[in-house]
Amino acid sequence: MVMKMSNNESLFSIFRGVTVEAHYHDAQLEDYADNPLLEALPPIWDEATAVRQMASRPKNNASERNLPSHLRLHCVQRITRDYFQPLSTHIELEQRISRLIRDGYIGRNPLEPNYAIRARNDAHNLIAYGEGSLYPILNPSSSGFAIVGISGIGKSSALIRILSMYPQVIMHSRYKDRNLSLYQIVWLKMDCPQDGSIKGLCINFFQAIDQMLGTNYHKKHAGGRRSVDELLPIMAQIAAVHCLGVLIIDEIQNLSEAKSGGGLRMLNFFVQLVNTIGLPVIVVGTFKALPILDGEFRNARRF
């Protein structure tokens with residue numbers, strides 16, 4: 001979905017999912033028990049169920065065979081639009097994302113005392129000053145990975161197909177006889193700005209959250225002359241408060257054209273998100289992104 005932003009901001013692309021009320025399921029594993037962020041997620045699917053969830057078939061009406069050829073051509077077009085047959089690569093990717101989201105939530109449980117206040121303050125302070133009381137997550141099991149391939153091969157399409165199997169926003173109100181007022185953002189997929197600007201990415205992040213939750217982060221934080229050093233901690237703070245499950249940055253090759261080491265700086269910030277607040281990050285791009293991923297980036301092994 002393409003949205004036009006106010007204040008003469010450039011267009012940016014964000015894939016939007018659905019918002020649902022929380023319905024809690026059996027955790028299936030002891031590691032995931034008694035955590036509303038995990039129990040509100042869909043069940044962990046086996047391969048056969050995942051294939052059925054992802055697969056899509058175009059509708060077929062036998063009577064259309066008798067249509068004139070110029071109309072049948074339009075019917076054939078449904079194949080490119082509606083047909084999707086999961087391959088082994090898609091199944092592996094679905095399983096990776098499933099593990100990634102759940103691993104990231106293990107160390108973040110909103111039932112802990114003063115979780116919201118500590119998450120809001122500590123996420124900001126850790127990124128800005130390297131200190132906090134709730135974080136960093138000890139031995140974080142969450143990480144991230146990169147999807148790199150030629151343009152048009154289906155990287156983004158596969159991700160969209162898998163992300164569509166999860167709600168994007170889950171509204172919590174009550175969990176096991178306890179009040180729990182929380183908007184949980186399971187995933188956020190957004191494109192890297194064309195100019196590779198880190199500030200532009202932060203601003204797009206604020207706008208995306210505002211579009212989903214009706215907040216005013218963009219108005220509150222993106223105005224004035226805030227520097228990147230000020231915006232990055234705020235971005236981490238918002239991700240922590242709203243329990244973001246996984247952040248996907250597409251077109252990551254745009255960072256390779258940024259000036260003043262922007263690409264390296266942004267990727268290092270992604271690793272900080274993993275290490276401090278347990279937020280998994282997936283980056284997607286073409287082979288132009290490899291110099292950054294394979295270069296001086298000290299944590300490239302994670303991707």
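## Close-up views of a predicted model

**View 1. A buried salt bridge joins Arg 78 and Glu 64****.** Both Arg 78 and Glu 64 are buried, in what is a predicted model. Their side chains meet in a salt bridge, with 2.7 Å from N to O. Arg 78 belongs to helix H3, while Glu 64 sits in the loop between helix H2 (47–54) and H3, so the pair ties together parts that are 14 residues apart in sequence.

**View 2. Lys 176 and Asp 34 link two loops through a salt bridge****.** Here the N to O distance is 3.0 Å. Lys 176 is found in the loop between strand E5 (169–175) and strand E6 (178–185), and Asp 34 in the loop between strand E3 (19–21) and helix H1 (36–39), so this contact ties together parts that are 142 residues apart in sequence. Asp 34 is partly exposed, at a relative accessible area of 47%.

**View 3. Arg 81 and Asp 82 form a salt bridge****.** The closest N and O atoms of this pair are 3.4 Å apart. Are the two residues buried or exposed? Arg 81 is exposed, with a relative accessible area of 53%, whereas Asp 82 counts as partly exposed at 25% relative accessibility.

**View 4. Val 76, Ile 79 and Tyr 83 make a nonpolar patch on the surface****.** Together these residues have about 280 Å² of accessible area. Ile 79 lies in helix H3, which covers residues 69–82. With a relative accessible area of 46%, Ile 79 is partly exposed.

**View 5. Four strands line up in an open sheet****.** Follow the strands across and you will meet them in the order E4-E9-E8-E7, with parallel pairing. Which strands stand at the edges? They are E4 (144–148) and E7 (187–191); each has a single partner strand, so one side of each is left without a neighbour in the sheet. From one strand to the next, the twist averages 15°.

**View 6. Strand E4 pairs with strand E9, and helix H6 packs on the sheet****.** E4 and E9 (residues 281–285) run in the parallel sense and pair over 5 bridges. To find your place in this pairing, look for Phe 145, whose bridge partner in E9 is Ile 282. Helix H6 (residues 155–163) touches E4, E7, E8 (246–250) and E9. The direction of H6 makes about 155° with that of E7.

Conventions:
Residues numbered from 1 in each chain as written. Predicted model: local features only at pLDDT ≥ 70, side-chain atom pairs only at ≥ 80, totals over all residues. Heavy atoms only, no water. Pairing = 2+ DSSP bridges. Axes fitted to C-alpha atoms, helices over the stretch in contact; angles between N-to-C directions. Contact = heavy atoms within 4.5 Å. Patch = residues over 30% accessible without salt bridge, like charges linked within 9 Å, V, L, I, M, F, W, Y side chains within 5 Å. Areas by Shrake-Rupley, 256 points an atom, 1.4 Å probe, with all protein chains shown as cover. Salt bridge = Lys/Arg side-chain N within 4 Å of Asp/Glu carboxyl O. Buried < 20%, exposed > 50% of the residue type's maximum accessible area, 1.4 Å probe, protein only.
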